[in-house]
Every structure is written in C-alpha cells, then in structure tokens.
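Subject: Structure handover

Hello,

Here is the structure for your files. My notes on what was found follow below.

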Amino acid sequence: LDNTRSLDPTVEVLQDNPCLTEFITSVLALPEPSPSILSFTLQLAGILAASENRFQLLQQEQLLVRLFGRDGPLSSALWENASVRSGWVEGVHTMMHHQPALHFVCSDGGIDVIFTLQGDPSLQLLVDMLTLSVESETTEPLSVKDCDWPVYAQVIIKHIEDSLQSSSVSHIEQSLKLLTSLFANCRATWTKVLWLGIAKQIESFLMEETVQAQHMLANLLLHVAWSPVLCDTEDSFWALVTTALQHLTPLHAGPLAVGILRLYKCPQDVRMQALTVLLQPMDCILRAASQPLEYAGLLDESVSDPAAVESLLSSKSSCVTLLCQTLAHLEKLLSLMHLRVDLPYTSLLHSVMTILQFCNGFLSPSSPLGSTISRILINSCRVQRSALDVLAALSNRKGCDTLIGSTFDVLQAYLESPNTSPTVLKKTFQATSKWLVCLQELSCSNSQWQQTEKILEGVFLVLQKRLCSPCWEVRDSSLEFLTVLIKCLRDQDEFRQSLLSSEVPRLTENLLEDPESYVRASAVTAVGHLAFITYFAPESSVVGNQYNKEHTVAKLQEILSTDPEGFPRRAVISIFTEWLRQGCAGQLEDTEQFVSRVIQTVEHDLDWEVRLCGLELVHIFCSQTICRLGHPDCMYDSIPSTVTSSIHQNELLQVFCRAKLFRFLFQSLCDCDKPVGQRAWDILYSLKENVCPVCTLEDTQEIGDTPAGHGAAWLQMTLGEDSLAQNFPTDGGNKVDFEDPESMMIALGAINVEELHDELNRSSDHVEKSPQSLLQDILATVGTIEENEADCY
C-alpha cells in the first residue's frame, strides 16, 4: 500500500498494471472473502480512486460501487467485522480528493453509513467531506442561510445541528468532536459562518444547570479561539469564553484558561478572567492555611463560585488531580518567554511552599478546610513533584528573592526527610540547584555571604548522607545534582570552599566502584567535573595534597578499559573529551600520550557510542593541533580548511602518527555502525584538506609502491565498495604502517572522498535492514525465543 500511494495519477497505471484491477475483481468474486483481504482491497481501491482519472475508470468497470455501494460489504455479514468497517472508512477517506468521489459516496447512501459509525476516523472523514464540498462547489461568500450551502455540505451541517439538539449525550459529544476537528484543521472564512450558526447552541450547553461534555466544550472553544477568522473580530465569541470560564468546573475551566493565556490576541479582560480561574485553587490553599494577612490570598475576587474549588480540594478523589493540573498549567506559563499578564509571583511562591508543607506534614492549619487538605496531601508524590517544578520555575522571578530564606527551609526539609521518595528527591535537587544559582547571584550583589555559606553548608551535609544512601536511585540523583552545581557555580569562591571542606569529593570518588552501573556513570561525570576545581583550577595547588590526580585519572582509564557496562565507559570518554576541549589534558600528562592511550582503548570497545565519542576526542585533538601549528588564532570548534605550510603539514602528520590516530580512523570507516563511519569520514576529509591539499588520487597513482609496501591501488581496493562492511585488514602481505607519516600522506591522498561518502550514505546500519531482520536481532539478544516471541512482536 505504501508503494501504491506514490503511483502516477494517470489511467495508464491501471492499464499498464492490469493485475491491480484483476486482484479487486477476484476478491469480489469470492463467495466469502477473508475480512482482512477484503479490508486490504477496500484500502487499495481507495488509493487508486484518489486520482479522478483512475476513479472514472474504476467506476466504468463497476468496481467501486461493488466495494463501497449498498450492494457491497455494507449489506453482507462481513460488515459486522471491525476490520472491514475500518477498511471501508479508510478507502472512502483516501479517495476523497475530488468532487466525483464526494458525489459517489453521498448519492449512494454512503454518507448515512458514515453518520452511523460515530468513530474518530469517520468523524475526520466527515470533516474532509464538508471541506471538499464547500471549497469545490462555492464561488460566492457564504451566509448563515441553508440555501447558500452546497447540497452535500447542507446534509453534513444538518446532521451536526440535529445531533447537537438531540437528547443523546453520545451524539452531542460526537458532534462536538467533529466541530473541534474542523476548527483545529480548517482556517477558511466559511468556518465563521458555520460557527455563527451553532454558537447559540453551544451557549445553551454552558448555561445548563449541569453542564454536559465539559471537556469537549472547553476543547472546542480553545480551537475556535486559535482560529484567525474568529478570535479577532467576534466580541460575541469572547463573551461565550467568559461564560465558559464561569460555568465550567475548575477541572475543565483550567485547560481553557491556560490556552487563552497563551494566545497572542485576546481581550485583556478575558485574559485576566482566565488568570483568575487558574489562580483560584492556589488562592484557596493560602486561605485554608490561615497564614498572616499579607498572604491571605492571591485574588480580590473570583470568576466562578469559590465554593466549587473548595469542594474539589476537600475531596480525596479530586484534590490531587486539581492541584497537579493547576501546577502543571502554571509551570507551562512560567516557561513562556513573553506572558501578557503579570503573575503575582511572591504570593504564588508562598502558595507553592504551603502546598509542599501540607505534603510533608510541616504545616498544621487551624481552619477545617486546611486540616482536610493537609490530610489528603500528606506524602502525595504527584503533588510534590508538580509543586517542586513550579518552585524551580519561580527561582528567577521578580520579588521571589524576598522569600529565599523560607524557600531554602522548605527545600532543606525535603532534602533531609527520610520520607522523601527518590523521584521527589530528584525534583528537590533540581529545584535546589536553580535556587542556589539565584542565591549566588543575589549574594554577589548584596554581599549576603553568611546566609550563602550557611545554606551551602546545609546542602553539602545532606548531600554527604544522600551519597551513602542504600537506594541507588538516590545515589544517582545526588551525583547528578552535584554535577549540575559544579557546572553552574564552580567559579564562585563560596561554593568551592564549601564543597572542598566537605566529604563530598571523597564520597564521590568512592562511588566510582558502585555496584550499579548507572551510579558509576554518574560518579564518573561528577568526578570529571570535580577535577575542574580540585585539579585544573589555578587555586587547586592549595588543596593538591588532598587529591591524588594520577590515581583518579588511572581509575577512569581503568573503567574505560574494564567496566562491563556501557554507561560508565561512555561517561569516561565524554569526560576525557571535555577535559581536552577545555584545554586541561596537558596538565595530566603529555597530550599526545593521553590521546593515544585513550583511543587505543576505545578502538577495541564493543559499544559503538563509546567509539563515536572517541572520534569526537580525535576531532578536538586534531582541531587543537592544527590551530596550534598552523592557525594560532583559530577557534577549536571546527578544523580549519587549510594549513598552507608544508612544514606544518609534515609536523601535523608526525603528531597524528605518534598519537596513533590513523588506525582508529581507518578502522572506523569500516565500522558496522553507520554513525561511526560517517564521523570518521568527516574527520579524515578535514585531515585530507589540511595535510595534503594538493595531493590527488592521480598523483598517488604515479608513486606506485610506498616504503610501507603499498600505495594508492591497495588503499582503493581496501576501502572499495565491496569491503566497506568488513574489518579493515592490517595483517598479512598487505600490512600498512599507520605510524609512518609518508605512508599516511599517501593514504590520505589516495582516498576518493566523494565515492567513499556516497558509499557510507548508501550503507545501512546492518547487513540487512528489514522488520524480519530486526525481529531476529531482538530474539537473538533476549535468548529464549519461546518465552519472548510475543513480547518482541
């Protein structure tokens, strides 16, 4: 079917391939065709009939009417099979690209069938049929009068209106879904005419004592609001939105409110009402907590009845849902670059902290509502995670720095509490890191050193305990938190002093031997970034005796060469690459020796991501070396295009050969994993331009055999089309000396980069790329076919 979709839209496709119509005819001739075969045939016929030319030919042969008409599957027992109904709908939907198809379906009773199906695919089909009818049959602007609509559009619109006015809730919901899909996907001006015809009915739904289908009404209004042909000009529409904000329950008004607040064009009064709806649960939380008067609430007045929010917060089944939804909406708004309303950030922060204190039992409110909410929220991980996300988002908002002490009190309580779950602790770490950055900026400007020192001391005391947790998720999150802090704050004296005076560095290095591979990987990353403070910073000599630089590097190299899991090895090579990028490798040992030792380990690694990271290390080393020898002022982001001096070219070759780069690069060209081969090609291409810019394949062919024994002909044969998927041969009679500069000059000059690039792009990740091959790989990996076959499928 996928290949058939791209068929030429001409009749000749059917004439040149009679097997297509013969297949359809043969299926129709079967007394009891298989439902799956019939479903396939219906989809195939729909694809063929999507072209008007082919549609007419299939009509002449009476194939379409026998498949999609009243005398086809519609009137047989096969229609009871869901796959047949699905194939029929998909076939009709696919052919609905021209007016003859629309006329065929509607005139033969097909549209009544679609009305009865009431499924999402059939609703989308009706949307497309309505759009096709209006846009292919009208030339004048439409009005709200029925007679102005095309005949088939009238049929569909009458069905929508009748369904909206019916007593059946399911019919109402289906029409609302249909309208939502229409306004979400169609921006034509005629949709405004349709909206004006149904707006009164939508308003009547909202004014009912018990509003039905609230989620669908909110979703419909939101998509209409996003429609450019409606939201700009219709005051009546915004009045309807206001009605919805007043009459929908807080659970359903919230999504509508946040969607309205994200709109660029919206009346300011409507925007303020939407914000009020969104803040109402947070306002209720503050009032229920019986806090001092300055935090009595966020709102002076509310859009809807506050009792509705209080009722939801008093119920165990709805309290958590409402708060999680509200907090998620607030986080979404806080992530926006430009928000057209001012949130009361300070009061909002206080409300979020109140929720977190309710959840961990640190707040005992005196009001009956507050006591009820506190009992419901105690140890609610869902609410805690959502509240911590908002707390993190508020860290850099105006006015929130006035509550920074209280904020850290709440965060510290969560960091220290043994009842904090690992997932909540991870969120707490993330929020704490954001607020620590804020605190550091604040202390730099206001000289609040004592407060900063005290908070940092408390954080590192907790971190010491968490690094020793029996739960590996906690240890892992703690290491990730430490890494984030070092990245953000390593240039701050207070942070470095607090960190180095704690036990955190020692405990972190101990976790390099953790039994859990995820923790080892995180420990590698943390130790690697710690090195920027303990080893590579100018001040590190002061504390140099506390840390054994050579021991740490040797430990990381041991992990790279011996760790049985891929995650720690990937972390090591990433850290080594970062050290080299930051210019720190030279402080460890001779950079050439360091790079050489690393890549000799990496080239034998079975994990392709480790090999790929190793190539990134090579790329940075090459860039820095070329810049140092040929372009002293260049940046290291990319390898320069040329190095003009032949002296520099020879020196570069000698450096790269001493570092043993070329064996790794040429082997990587033939790597069975495509990304590795492509990255190796990128690096070799740049090296070819720099080391031998004037050396061409024709030049090397004249050289013949090289001192290493073989020249261009051998290399072309080795890297030829038939051997790219094989290992690069280095033994036997054709052995090449990868450490000989002259041999590598000829090798680089001999590479036909364009041909090699095309070959790498043509090759797949594996010898065979098919679903069957993938399934075999999965089954081979898991081992026991009998037990895992169903799971693999």
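Thr-242 is buried at a relative accessible area of 15% (buried means under 20%, exposed over 50% and partly exposed in between, with a 1.4 Å probe and protein chains only). This is a predicted model, so local features need pLDDT of at least 70 and side-chain atom pairs count only at pLDDT 80 or more, while totals for chains, interfaces and linings use all residues. Residues are numbered from 1 along each chain as its sequence is written, and side-chain values use heavy atoms, with hydrogens and water left out.

Thr-242 sits in helix α15, residues 235–247 (helices are DSSP runs of H or I with at least four residues, strands are runs of E with at least two, and both are numbered from the N terminus). Apart from neighbours within four places in sequence, Thr-242 is in contact with Val-270 and Gln-273 (contact means heavy atoms within 4.5 Å). With Gln-273 there is also a side-chain to side-chain polar contact of 3.1 Å (a pair of N or O atoms within 3.5 Å; within protein, one must be able to donate a hydrogen and the other to accept it, and residues adjacent in sequence count only if both atoms are side-chain atoms).

**Aromatic pairs**

There are 21 aromatic pairs in the structure (rings of Phe, Tyr and Trp, the last by its six-membered ring, pair if their centres lie within 6.5 Å; planes under 30 degrees apart count as stacked, over 60 as edge-to-face and the rest as tilted). One of them joins Trp-195 and Phe-237 edge-to-face, at 5.9 Å centre to centre and 75 degrees between the planes. This pair links distant parts of the chain, 42 residues apart: Trp-195 is in helix α13 (residues 190–207) and Phe-237 in helix α15. Both Trp-195 and Phe-237 are buried. Elsewhere, ring pairs connect Phe-532, Tyr-535, Phe-536, Phe-576, Trp-579 and Phe-594 into a cluster.

**Helices α17 and α18**

Helix α17 (residues 268–288) packs against helix α18 (residues 306–314) at an angle of about 70 degrees, with the axes 10 Å apart (axes are lines fitted to C-alpha atoms, for helices over the stretch in contact, and angles run from 0 to 180 degrees between N-to-C directions). The two helices, α17 and α18, are therefore roughly perpendicular (65 to 115 degrees; under 35 is roughly parallel, over 145 roughly antiparallel and the rest oblique). Gln-280, Pro-281, Cys-284 and Ile-285 of α17 make the contact with Pro-306, Val-309, Glu-310 and Leu-313 of α18.

**Phe-68**

Phe-68, in helix α6 (residues 63–68), is buried with a relative accessible area of 4%. Leaving out residues up to four places away in sequence, Phe-68 touches several residues, including Leu-42, Trp-88, Met-95 and Phe-104. Phe-68 and Gly-110 lie 42 residues apart in sequence and 7.6 Å apart in space, C-alpha to C-alpha.

Asn-379 is not a glycine, yet has a positive phi of about 60 degrees. Asn-379 belongs to the loop between α21 (368–377) and α22 (381–393) and is partly exposed at 46% relative accessibility. Lys-660, also not a glycine, has a positive phi of about 60 degrees. Lys-660 is in the loop between α34 (646–658) and α35 and is partly exposed, at a relative accessible area of 29%. Helix α35 (residues 661–669) is mostly covered, with 7 of its 9 residues buried.

Regards
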